[in-house]
Amino acid sequence: MKPHHHPKTWLSSILALLLLNPLSMAIAQPSPTPDELPIIGLNLGNRNVNPGVFVRGEIDEFTAVDFENWLIPYDAVLEVLQIRTTAISATEIELRSPYKVLRLDPNDIRQDPELGRVFSVAEIRDRFEIGVEFDAFDYAIVFDVPTVNATRSSRREPPLVSLAGLPVVRSPSFGLTLIEPNLTFDKTKDSDWQNRSELLAVGTMFGSSWFARINPGNLLDGDPWQLAEFQILNQSDRADYFFGSQPTFWRGQTPGDFWGTTTIQRRGFTPFSYRNISGGANPTRRLQPNQVTATINGRAEPGTLVQLVTNLQQRDVWDEELVDGSGVYRFTDVPVGRDAPRNYYLLLFPNGSLAAEPVIEAAEFTLLPEQLPTGASALIASSGWRRIRKPDKFIGEFQGLSGGVAYRYGISEDLTLGIGSVYDGDLYGLAELFYQPKGTPLRVAISGLMSTDSDVDAEVVWDQQDLYITLNTNLDRTQYSLNWEVLAGLRLFSRGTWDDFARFGVQYSTSGRLASTILGLNWQTDARTDWLLYQRLDQWTLTHRGDDRSDRLTTDTQLDYRLNRTNQSDFLALGLETEWVEGGQGRTAQDNYLLTAGWHYKSRDRNDIGQSLWQTELGYGVSAKSHGPYALIGTTVVPGLFLEARYEVVTLRANQNRFTFQLRSSLGVQPGFGPGERRPERLRTEGGILVQPFYDFNGNGERDAGESLYQDSVDFLIVDHEVVRSQDLYQEGDRLLLPLSAGFHRIDLEEAGFPPDFQPTITSFAVEVAEGSYTPFPIPLQASYTLMGVVTNADGNPVAGARVEAVDEQGEIVSFSITNSAGVYYLEQLRLGTYRININGQAVGDRNQIIFNPNSDTLEELNLQTPPPNNDRSQRRTSKRRKIISLPYRHPADQVGTLP
């Protein structure tokens with residue numbers, strides 16, 4: 001029954017609401033009848049999201065009548081609860097909020113004749129598991145939502161890179177990039193100077209890299225030089241080509257190293273990347289994919305939200321799925337590999353509530369390097385000769401034709417098979433099997449060459465987090481290894497063969513902020529025992545090693561005291577080495593010792609590849625035979641050069657009075673001479689760009705004498721839409737090197753990374769990178785001039801709202817400004833040249849031109865007076881507004897045009 005309200009009571013209620021909440025004046029309504037639709041605010045906690053929305057409900061004084069059955073518009077609820085909707089089918093939609101995910105049938109959503117689709121308060125409480133209350137003071141419905149941990153998506157598609165229309169910077173077609181000589185000189189009191197040396201060179205040749213390694217022998221004795229290695233390499237995601245010296249993809253059956261040609265053709269996968277991997281170019285590695293895909297599935301209660309994450313701490317969500325009525329969830333094409341996570345975690349949220357504590361399950365994968373994705377394939381073919389080195393010949397002798405062809409195919413996620421044929425002194429059939437059962441830590445790799453004699457190599461690996469077992473056999477000999485974490489910090493080790501040798505060990509380790517301990521003991525079946533003791537306590541470190549064999553016993557003990565808590569390489573060292581050798585069988589018994597005390601230091605400052613700029617050792621040694629000082633000094637402070645000199649009087653077994661000098665140098669010759677890349681092996685398989693931003697004072701686009709490099713910042717490069725971080729760059733003297741894979745890359749320049757008054761005139765390029773070289777990429781920074789002043793009328797009063805334009809010699813408006821209330825204008829981004837100044841489209845008289853040359857200040861002042869009115873419209877010059885352009889200048893990109 002409708003309650004009766006006296007007019008005075010009604011007025012007093014309104015006055016009370018206005019006094020208690022003045023802000024509600026615009027939305028406050030009298031108590032409605034059941035047929036009325038009051039306007040009610042919607043709050044998310046203490047924050048108002050919607051100041052007023054029609055709802056169906058009844059209010060008695062300040063009380064919500066039958067609040068559970070109030071009807072609130074569907075769209076308003078989605079807005080306030082931040083719910084996104086996705087249509088699954090005609091009979092199912094998914095509602096996703098930051099704290100809840102659910103699905104419902106859209107046909108089950110209630111319809112109101114005036115409000116449209118609606119939720120009742122009871123439905124909101126039940127479906128979304130949140131609190132909903134009416135606040136009479138605010139005259140609003142308050143939704144109380146839980147706080148959940150923030151998540152982020154780790155599934156990111158690579159950005160689409162467009163090179164169309166960009167100026168092109170080409171890579172060098174042929175050249176030498178760097179030379180690295182390595183020299184070591186050694187002398188003792190009983191011997192003459194000895195020398196060991198090596199010379200490395202790398203460059204580019206028609207889009208491919210070339211690499212040479214030469215052994216000059218003993219330079220002091222005039223030994224003949226020998227070519228140890230020479231290789232030309234061209235590789236891409238689809239195909240690779242090797243020419244010259246290279247490893248074979250089969251196990252060699254004849255002596256000598258292989259020289260020839262090899263090609264790899266791939267389909268359905270991207271090969272293993274060589275970046276930051278030493279060891280040079282290896283065709284076998286290029287048969288291995290960067291990553292494979294896996295499927296993860298399981299069962300859970302319907303309505304459970306399952307998230308697949310790569311990081312439990314930051315909740316990096318790769319994918320998620322709401323379990324339907326089947327109770328089965330499934331994630332397909334999950335990337336696993338070297339460039340993808342190996343361990344995932346499943347978070348199971350009951351009833352789709354992200355505010356609940358999830359059940360966590362691990363999804364771990366072991367990698368079989370040779371395993372191909374399902375349906376992917378690789379074809380490899382080689383032909384060439386075996387080279388036998390000769391001491392008196394630079395190249396050696398070639399003999400014995402060798403070659404082979406093989407094909408691998410990914411049968412399934414678990415199985416990859418290979419087949420082929422090889423000729424290497426005899427004709428062999430080749431068969432390969434790579435098997436990794438899904439959901440197990442087992443992996444199996446078998447490769448065999450079959451002829452009259454068989455050469456089979458099989459490896460079985462069990463790779464769990466706390467248990468690692470390998471079994472390797474070639475049919476004649478079987479080897480094994482075991483690494484088992486029995487308890488936290490306690491491990492058991494073993495390795496050996498089935499029949500004649502075995503080694504067993506146990507190790508205990510624990511660590512903390514101020515202390516850590518490692519205890520290890522190993523025993524071998526040939527009566528050899530060795531042990532390790534390591535103890536760190538604050539600034540003290542004790543290391544002790546021992547080795548007990550049947551005929552000798554050696555120990556090595558060192559106690560270090562760290563002088564600087566922030567630099568672990570600045571310490572005092574006290575060391576003791578001992579050796580006891582049993583006499584007999586023509587051997588004299590020995591009892592040696594060496595006691596040393598000294599200071600060791602390595603600077604915290606390091607070069608781009610992690611080497612300390614300075615290292616020093618200074619101390620004194622006492623042995624059973626003699627005593628004397630020892631000293632070492634080394635430096636990499638000169639870019640591209642490593643120098644180290646060592647002097648010691650005594651060693652454990654002798655009084656040698658030995659001096660050693662070592663030099664490693666990397667000389668870049670592209671372009672010009674200077675410090676080079678300190679890891680030439682890396683340039684065999686990729687290239688990069690040589691970035692040189694410079695102040696182009698005369699605006700000709702070339703670096704002339706007196707034009708210095710800009711070195712205040714490196715935060716201006718964007719490569720393929722990815723911001724380049726400072727740690728991705730290598731600074732070698734005045735050379736700024738950015739390693740990149742071969743091919744075309746889009747390079748964008750971030751103007752904020754340059755001085756505001758010196759800017760690049762072109763900010764986007766297509767840069768070609770070739771293996772074995774750095775593409776020179778000069779960045780001319782031309783002065784950016786600003787013209788400012790005040791516009792006045794004939795009476796000397798400032799003119800507001802006047803349009804001031806700078807027009808170049810081609811008649812283009814390159815900059816304009818609207819004067820403020822004080823008549824001030826600013827014309828910015830002006831380059832070298834002559835400009836005409838217009839006000840409101842008219843020339844300003846005698847002072848209508850200004851010239852900017854290299855001697856001009858970057859900020860010039862020119863006060864202007866408005867020209868007299870010109871009523872002759874036919875003589876009034878009009879100009880089309882154009883975007884800011886630069887004056888013509890020569891840039892390396894201009895010489896080759898644009899990409900089609």
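Buried means under 20% relative accessible area, exposed over 50%, and partly exposed in between, with a 1.4 Å probe and protein chains only. By that definition L537 is exposed, because its relative accessible area is 53%.

Two notes on sources. This is a predicted model, where local features need pLDDT of at least 70, side-chain atom pairs count only at pLDDT 80 or more, and totals for chains, interfaces and linings use all residues. Residues are numbered from 1 along each chain as its sequence is written, and side-chain values use heavy atoms, with hydrogens and water left out.

L537 sits in strand 38, residues 528-537; strands here are DSSP runs (E, at least two residues), numbered from the N terminus.

Next, strand 25, residues 343-349. Five of its seven residues are buried, so the rest of the structure largely encloses this strand. Strand 25 pairs with strand 22 (residues 305-309) in the antiparallel sense over five bridges; pairing requires that DSSP finds at least two bridges between two strands. There, Q307 is opposite L347. Strand 25 also pairs antiparallel with strand 26 (residues 359-364), over six bridges, and L347 stands opposite I360.

Now the salt bridges, meaning a side-chain nitrogen of Lys or Arg within 4 Å of a carboxyl oxygen of Asp or Glu. The structure holds 32. One of them joins E579 and R653 at 2.6 Å, N to O. E579 is in strand 41 and R653 in the loop between strand 45 (641-650) and strand 46 (655-665), 74 residues apart. E579 is buried, at 2% relative accessible area.

Terms used: Helices (H or I, at least four residues) and strands (E, at least two) are DSSP runs, numbered from the N terminus.
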